[in-house]
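Reader: I'd like to learn how to read a fold from its atoms. Could you walk me through one?

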Amino acid sequence: MEDPPGDDSRASAAPTSKPLSPQGGPAASATEPRLVTHQPELPAAPDALFRRIVESSQGLICVHDLSGTLLYVNPASAAELGYAVEEMVGRNGGSLLAPAVRPLFQEYLARIRTQKADKGVLRLTRRDGTERLWAYRNVLREGEGGGGGEAYVIGHAVDVTDFWRAKQELQESQTRSVAVLAALDEGVVFCGADGEVIEFNRSAERILGMKPEHLFGARSAPPELIREDGSLLLAAERPNLETLRTGQPCRGVICGVRRATLPTIWLELNSQPLSRLPEGEPHGVVVSFSDITERRQREQARDDELREAMADLKILGGLLPICAGCKKIRDADGRWQQLEAYIHAHSQAEFTHGLCPTCLKQLYPGESS
């Protein structure tokens, strides 16, 4: 390596007797100044600078020979595994691997010899027995000039244990979510910010008898939707689009879906916005719904029975003209009727006849009570 330039290499505008043109030939004028580019001064021993960079790096750096023996580790690597640097230098790298993967170390050494480079993920065991995962990329360096020196491998790694665990937890959470959605008897549909259907569970398609995008897609021509009173529900009033527009959930929306070749079904829908921030605009919406057709039919049947019962019910009301003597009642046509006959004709009451104690004595004085 050449020595760094001294103070005389700094930019100068002093004229010289033999100035050079940019192409390296004689310049047109001997009086033009020569510009010398200033080079930053490096320490007298650049190797020492590079060593300081490696020693202070938080990256995990090591050097090993072709048998896997560690020739160098930086402090960050040793500290990550719970060792001192002196304890690791001279140790075979395969002994630091988790027991289950140690047999693979010889395969790695064979690859690095033939392919000159290798990358992947290492399972390493710390001093305390816990495992760490390092994503590595190693490169083989052979003797300078093609010979005359021992070949060695420079390794650089990054600890990805926390990232890997978070990824595993996310995958497990997604697996659980998929299982929950599949087990639900309720239909669930996810829509994006544009209102288009992204995902749905099997129950959604089963309940609707069609692909959910035909009902919830923003650009689809949905089947006719009706309210409980029979009036039409406009496409823009659907709960999923209402929630996307307002950012507010919709609860217990009941509507009927008129299908072309199938009977009308009745749904109870709920929609919930999906937002990355508590007060942010929704980037999606989740819609859940259940089929309430049978429930509605039962309620309708009860209502019909009640209306029929009310139609049959006759209730006496108002002022009844009654004779003070014989107790006959005058009807709307002016005819006088016995009390029993009038009540029987104008209500559902039935009569049974007997004698009160007073009348019994008057009519049958010799009979006991």
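Reader: What share of the residues of the chain counts as buried?

Author: This is a predicted model, and of its 369 residues, 27% count as buried. The chain exposes about 24800 Å², with carbon and sulfur atoms supplying 55% of that area.

Reader: How many helices and strands does the chain have?

Author: You get 11 helices and 13 strands. For contacts with a separation of 6 or more, residues 24 or more positions apart account for 40%.

Reader: Let's take a strand pair. How do β3 and β4 run, parallel or antiparallel?

Author: Antiparallel: nine bridges join β3 (residues 117-125) to β4 (residues 131-141).

Reader: On to charges. How many salt bridges does the structure hold?

Author: There are 19. One of them pairs Glu-131 with Arg-123, where the closest N and O atoms are 3.1 Å apart. Glu-131 counts as partly exposed because its relative accessibility is 33%, and Arg-123 is partly exposed too, at 32%.

Reader: Which residue does Asp-185 meet in a salt bridge?

Author: That's Arg-206, at 3.0 Å from N to O. The pair links distant parts of the chain, 21 residues apart: Asp-185 sits in the loop between α5 (161-183) and β6 (187-192), while Arg-206 belongs to helix α6 (residues 202-208).

Reader: And are those two buried or exposed?

Author: Exposed means over 50% relative accessible area. Asp-185 has 60%, so it is exposed; Arg-206 has 52%, so it is exposed as well.

Reader: What about Arg-227: which partner does it have?

Author: Arg-227 forms a salt bridge with Glu-237, and the closest N and O atoms are 2.7 Å apart. Both residues lie in the loop between β8 (224-226) and α8 (239-246), so the pair ties together parts that are 10 residues apart in sequence. Arg-227 has a relative accessible area of 30%, which makes it partly exposed. Glu-237 is partly exposed at 33%. Salt bridges can also share partners, and that is how Glu-80, Arg-132 and Asp-159 join into one network.

Reader: Now the cysteines. How many disulfides does the structure hold?

Author: First the general idea: a disulfide is a covalent bond between the sulfur atoms of two cysteines. In this structure the count is zero.

Reader: Last one: which residues form a nonpolar patch on the surface?

Author: Leu-355, Leu-363 and Tyr-364 do, and together they have about 320 Å² of accessible area. Take Leu-363 as the worked case: it is placed in helix α11 (residues 357-363). Its relative accessibility is 55%, so Leu-363 counts as exposed.

How values were computed: Residues are numbered from 1 along each chain as its sequence is written. This is a predicted model: local features need pLDDT of at least 70, side-chain atom pairs count only at pLDDT 80 or more; totals for chains, interfaces and linings use all residues. Side-chain values use heavy atoms; hydrogens and water are left out. Patches are made of residues with over 30% relative accessible area and no salt bridge: like charges are joined within 9 Å, nonpolar side chains (Val, Leu, Ile, Met, Phe, Trp, Tyr) within 5 Å. Accessible areas come from the Shrake-Rupley method with a 1.4 Å probe; for residues, only the protein chains shown count as cover. A salt bridge is a side-chain nitrogen of Lys or Arg within 4 Å of a carboxyl oxygen of Asp or Glu. Helices (H or I, at least four residues) and strands (E, at least two) are DSSP runs, numbered from the N terminus. Buried means under 20% relative accessible area, exposed over 50%, partly exposed in between (1.4 Å probe, protein chains only). A disulfide is a pair of cysteine sulfur atoms within 2.5 Å. Two strands pair if DSSP finds at least two bridges between them. Contact means heavy atoms within 4.5 Å.
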